[in-house]
Amino acid sequence: MRTQAISAELLSLVNVNSDIIGYKLSGEDNDSYMFRSPPEGSACEECGCLFDFDAVNPQFRVNKQIFDFSYTYDGRCIVSDKFKIFCERSEYDSLCFYELPSEPHFYAFSVTRVVAFDAEKRKTRFDGYCNVCNRYYSVAGAEPVFLMDDPKFLEKAFYATDILFGSGNEKHPLLIVGPSTCHSMIGEGFRGIYYRPIFRNGLGAKGQAILGTKD
Ligand SMILES: [Zn+2]
């Protein structure tokens, strides 16, 4: 019942508010690490950051298995079989589901359709530039979300920002969906996922409650 009530509230928000161009996805913590420390040769010797933030640890286990959409402490998005089946049935493209050898019912999830984030407008802070791998160690200031080109609304699709946020090996892009995709996802009642509205020009986003289905 609680899930249904929240879904109705969310659906009305999706349908009514024309200033909402999309939704940022966030997930519960699954109490796990993809890598406690990067394997030999997989990270920059100077700053310690992984060369490939999509790398999979074959021993990785999901400590909290109740969520369909969740994040590790080191910033990796993990999704369930149910989530993958929904995406395939809906024929979403530009998605990567990395198999986890020690967790056959879960996948490391990433999105290859990129949307440009307006770091200047958001005043995002880039710190700790590494002269060896030419990346910043820390990128802070993701929300409220400001997108370049200020689209009227995002299409029925998943998007990843061109900027990775966070510190060290926690860095990951924001994952975003268009309103109709959010609408479909809410109908699935996924566990662990939150949808935060993204408003045109970033306006009105401050203080906006995160709504979703927790359990
Ligand atoms: Zn480096």
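This note goes through a predicted model of one chain, point by point, from its overall make-up to single residues.

1. Basis of the note. Because the model is predicted, local features are taken up where pLDDT is at least 70 and side-chain atom pairs count only at pLDDT 80 or more, while totals for chains, interfaces and linings use all residues. Residues are numbered from 1 along each chain as its sequence is written.

2. Overall make-up. The chain holds four helices and 12 strands, where helices (H or I, at least four residues) and strands (E, at least two) are DSSP runs numbered from the N terminus. Of its 215 residues, 33% are buried; a residue is called buried if 20 or more other C-beta atoms, placed from the backbone, lie within 10 Å of its own, exposed if 12 or fewer, and partly exposed in between. Among contacts in the chain with a separation of 6 or more, 71% are between residues 24 or more positions apart, a contact being two residues whose C-beta atoms, placed from the backbone, lie within 7 Å.

3. The largest nonpolar core. This core has 39 residues, of which Tyr23, Leu25, Val79, Tyr159, Leu175, Ile176 and Val177 touch the most other members; a nonpolar core is a set of buried Ala, Val, Leu, Ile, Met, Phe, Trp, Tyr and Cys residues joined through C-beta atoms within 7 Å. At least two residues of this core come from each of strand E1 (20-29), strand E2 (69-71), strand E3 (77-80), strand E5 (106-111), E9, strand E10 (172-177), H4 and strand E11 (193-199). In soluble globular proteins, nonpolar side chains tend to be buried together. Leaving out residues up to four places away in sequence, Val177 touches Gly22, Tyr23, Leu25, Phe158, Cys182 and Met185.

4. Helix H4. In this helix, which covers residues 179-188, Pro179, Thr181, Cys182, Met185 and Ile186 are buried. Viewed down the axis of H4, the buried residues fall within an arc of 155°, so they line one face of the helix; the arc is that of the directions from the helix axis to the C-beta atoms. Just after H4, Gly189 takes a positive phi of about 65°.

5. Strands E1 and E11. Strands are said to pair if DSSP finds at least two bridges between them, and E1 and E11 run antiparallel, joined by seven bridges. Within this pairing, Gly22 stands opposite Ile198 in E11. Five of the seven residues of E11 are buried, so this strand is largely enclosed by the rest of the structure.

6. Strands E4 and E5. These two strands pair in the antiparallel sense over five bridges, with Phe97 opposite Phe109 in E5, and a hairpin of six residues joins E4 to E5. Glu103 is placed in the loop between strand E4 (95-99) and E5, where Glu103 is partly exposed, with 17 other C-beta atoms within 10 Å. Apart from neighbours within four places in sequence, Glu103 is in contact with Phe60, Arg61 and Val62.

7. The partners of E9. Strand E9 is joined to strand E6 (residues 114-115) by two bridges in a parallel arrangement, in which Val114 stands opposite Ala160. Two bridges also join E8 to E9, and these run antiparallel, with Ser167 in E9 as the bridge partner of Ser138. E9 and E10 pair in the antiparallel sense over five bridges, and Tyr159 has Ile176 in E10 as its bridge partner. The hairpin of E9 and E10 has four residues between the strands, and in this hairpin Gly168 takes a positive phi near 55°.

8. Tyr137. This residue lies in strand E8 and is buried, with 20 other C-beta atoms within 10 Å. Not counting residues up to four places away in sequence, Tyr137 touches Cys47, Cys49, Asp127, Gly128, Cys130, Ser167 and Gly168. The C-alpha atoms of Tyr137 and Gly166, which are 29 residues apart along the chain, are separated by 8.3 Å.

9. Backbone details to check. The peptide bond from Glu143 to Pro144 is cis, with omega near -5°, and Pro144 is in the loop between strand E8 (135-140) and strand E9 (158-167). Lys123, in the loop between helix H3 (119-122) and strand E7 (125-130), has a phi near 60°, a positive value in a residue other than glycine, and Lys123 counts as exposed with 10 C-beta neighbours inside 10 Å. Asn134, found in the loop between E7 and E8, has a positive phi of about 60° although it is not a glycine, and Asn134 counts as exposed with 8 C-beta neighbours inside 10 Å.
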